[in-house]
Amino acid sequence: MNIKHYSKDDLDNILSVKGNSLYSDAFKRLLKNKASLTSLIILSLITLLSVFGPYFLQYDFYETDWNSIYLPPSLESGHYFGTDGNGRDLLVRILYGGRLSLSIGIIATLVSVIIGVTYGTIAGYFGGKLDTIMMRIVEILYAMPYLIFVIILMVVFGRNIYLLFLAIGAVEWLTMARIVRGQTISIKEKEFIEASKSLGQSSFLIIIKHIIPNLAGTIIVYITLMVPSVIILESFLSFLGLGVQEPLTSWGVLISEGSREMETAWWLLIFPGLFMVLTLASLNFIGDGLRDALDPKEY
Amino acid sequence: MIQLIIKRLAIAIPTLIIIIAFVFGLMRVAPGGPFTNERALPPEIEQKINEAYDLDKPLIQQFGIYLSKIAKGDLGPSYKYKDFTVNELILSGFPISLTLGISAIIISLLLGSLLGIIAAIKRNTIFDYAVMGVSLIGICVPSFVLAPILSLFFGLYLGFLPISGWNGGNIYNLILPVVSLSLPQIAIISRMMRSSTIETLNSNFIRTARAKGIPKRRIITKHVIRSSILPIIDYLAPATAGLMTGSIIIEQIFGLPGIGRYFVVGALQRDYTLVSGVMILYASLLMFLILLSDILRAILDPRVKIK
Amino acid sequence: MQTILNVNDLSVNFDTSQGLIKAVDNISFSIKKGECLGIAGESGSGKTQTFFSITGILSDNGSATGIADFNNVDLLKLTEKELSEIRGKKIGFIFQDPMTSLTPHMNIGNQLIEVSMIHKKNTKKDALKKAKEVLDIVKLPRIENLLKKYPHELSGGMRQRVMIGISLMCDPLFIVADEPTTALDVTTQKEILKIFNDLKKYKDITIALISHDIGVISEVSDTILIMNEGRIIEKGNCKEVLTSPKHEYTKHLLSCVPEWMK
């Protein structure tokens, strides 16, 4: 029999080449999906505006102007989205709020992805008793009213923005861990993992080099679906006054202020709400599109 | 069946004890909490807390006493509201939150399932697209955006409905809170129900039912629904958790003096005993719902009993 | 002998995302009362869709044209409601996969009695009596006990017997058996085929036996249709076609059967 010997590098090359073409195909499919493409454009616009927009506007987000309290939106005054009760420009505040909401969305999601992927791959890869115990813990945590948990954490340790990242990340990892575990179990049965094992690669290296790259698609899909839920969570806390604190602002804070003052100034509620809803909807559409793109046989 | 209940209780009770232990532990490490020394409290409350938690005894014994008090339904004195126990506060808010929560859950389940089933049967018709479109809005518009907009429109602009207050449980005062609380859940449930009904409609046993010449209506009521409702039964507990957290916001927005309101006030004022009391109540309710949905599942799906 | 089913120029199309797919292409055949017609062909040859289309249980994206004269009624002209009054009453069905073809949350008794209660307006008592009768015909033991059981508590062979029982509840004229033995092991196969032979002999029921397995067909069928790519390749007396096939495809199909079975 003719046995061909592959070195570790060969194996990695074969895998990475296959991986790249799979993902670039998926990206092409994603761009063909009209809803996803539109969402991608809207989301990029909101992100770019939030990051760079404030530099081009004449007002600052903390600048109070007692002569222009509750100005309705107008082109002439330069307050395109109007002003609030302190005479601050709403547009600039929304963009600043967007920076915060989006970065909390991304950072807290990353925290939960790191926890979830580590936890899920370990449980899935090693299996057996360890897996049973680890998944039972997840099951128990699932049953908890986790948002209330976050609130208690915020109460006990004070309203600190870094803690907010951590607390949200710490409760959102459960779903990720479950999905990653399931995928890991199916991937570890594949031949190329057997091959790596027979080459004497350590478990750690196999997880890092072979399992996680193959999970990338699933992880990306769940990131796009997790970011909106994190943004909602942050806004929820901020709405209650337990999240982001003045002078900083986020969409949740703005919506909370807006809902209190909607009787006098509807724009304070509608515009931040619009930005938030557009972002959430876009992320959802992108997530759905990505799922279809990465797994075309399902549809 | 009894076996199943015992088995579930065997998981639920330790889980609850873990939650209580967590809350108990947090209260002890909390800065400015009831168990730290740098507090400035009126002596009568300080004394009550000392009495309530037997602070002179060893930690493990304190936890035991705390647990047994909770088992008897005593959540201790409020840390910030003088002269009130947590029980009294919770009891005063409970009827309101319960009315709100039960109406919302019944409406979400009934309307969500019904819309989902009809959308699945009338797949790719205008009705289907309309239901899915509205449910997309329900998913993308969080309740704290939806509720103010609804009250802005129906309350202030049209003037149809009161936008805040309990008013002794007047039905008009309930409409906006219940609608804003249930809409996100209706959205999720109708989507779930639609896809599970489509899956069931495509299954082999429905083909058998059609081949048996059973009228369409009876196929749906006798053969389809009992299978396609199962994911919704499993979703019962998460839905309740969603409604609980939603009600915290909704009670705030519509000025309803329910438990959620006390929770927020307690959280903002660092009323540790109140917050942990509400937490324990929520967790027990959730455990009960998980048990309930397990029992329902066993009733609806004969395959479960075997295990 | 009287013809019970006469199919003329039947075509079946499926509207898929890849365009219109022709599953059955302009076929004609007939079945006489009391005979068993075997329909052979590989998967995707259109044999199943032929019978699903004339009885109105195609999936939603399928449509059929032509004439299917059953007992002097053109089935393809009937409304869904009229068809559902024929299905289960005059035409019984047996499907390929007994594991998934019974409703999982309904006990065996209810799945049986619902047929005659709907079609014959029987009382529950009469329907139960009939149910016991048919379970006896399909040779299931401990019938009283069985009626209260759920499908997951039965083996594949038992479920397929229940399926046959369901099809017999209203004493149909005609039974469509779509790969009835494919999912079963060989011994169970034999027993199920024996039930078919009994039905033919004692009940005078006409049977359309759809199978990719020539061996199964040759055991029960009187006449045979060979189908491929939606067309009828060859038809005639079962023994004659199998011993002296005229068409290349039939010969090819037969060459796949092990020598000893011929």
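A salt bridge here is a side-chain nitrogen of Lys or Arg within 4 Å of a carboxyl oxygen of Asp or Glu. With that in hand, we can walk through this predicted model, where local features need pLDDT of at least 70, side-chain atom pairs count only at pLDDT 80 or more, and totals for chains, interfaces and linings use all residues. Residues are numbered from 1 along each chain as its sequence is written, chains are lettered from A and ligands numbered from 1 in the order in which they are written, and side-chain values use heavy atoms, with hydrogens and water left out.

Let's begin with confidence. The predictor assigns the complex an ipTM of 0.88 and a pTM of 0.81. Where pLDDT is low, predicted coordinates should not be read in detail.

Next, how the chains meet. A contact means heavy atoms within 4.5 Å. Two pairs of chains are in contact, and chains A and B share the most contacts. Chains A and C have no contact joining them; their closest C-alpha atoms lie 10 Å apart.

The C-alpha trace of chain B spans about 80 × 55 × 30 Å along its principal axes. Of its 307 residues, 50% count as buried; buried means under 20% relative accessible area, exposed over 50%, and partly exposed in between (1.4 Å probe, protein chains only). Among contacts in chain B between residues at least 6 apart in sequence, 71% join residues at least 24 apart.

Now for charge. Chain B carries 28 positive and 16 negative side chains, and the centres of the two sets lie 20 Å apart. Lys and Arg count as positive and Asp and Glu as negative, while His and the chain ends are not counted; each charge is placed at NZ of Lys, CZ of Arg, CG of Asp or CD of Glu. Side chains of opposite charge can pair when their charged atoms come close.

Over all chains, the structure holds 23 salt bridges. One of them joins Asp234(B) and Arg297(B), with the closest N and O atoms 2.9 Å apart. Because Asp234(B) lies in helix α10 (residues 230–253) and Arg297(B) in helix α12 (residues 272–300) of chain B, this pair ties together parts that are 63 residues apart in sequence. Asp234(B) is partly exposed at 39% relative accessible area, and Arg297(B) is also partly exposed, at 22%.

In chain C, Lys130(C) and Glu133(C) meet in a salt bridge at 3.7 Å, N to O. They are three residues apart in helix α4 (residues 124–137) of chain C, so about one helical turn separates them. Lys130(C) is buried at 14% relative accessibility, whereas Glu133(C) is partly exposed at 40%. Both belong to a network of salt bridges that links Lys120(C), Lys130(C), Glu133(C) and Asp171(C).

Our last stop is the salt bridge between Lys200(C) and Asp222(C), whose closest N and O atoms are 3.4 Å apart. This pair links distant parts of the chain, 22 residues apart: Lys200(C) sits in helix α7 (residues 186–203), and Asp222(C) in the loop between α8 (214–220) and β9 (223–228) of chain C. Lys200(C) is buried, with a relative accessible area of 17%, while Asp222(C) is partly exposed at 31%.

How values were computed:
Helices (H or I, at least four residues) and strands (E, at least two) are DSSP runs, numbered from the N terminus.
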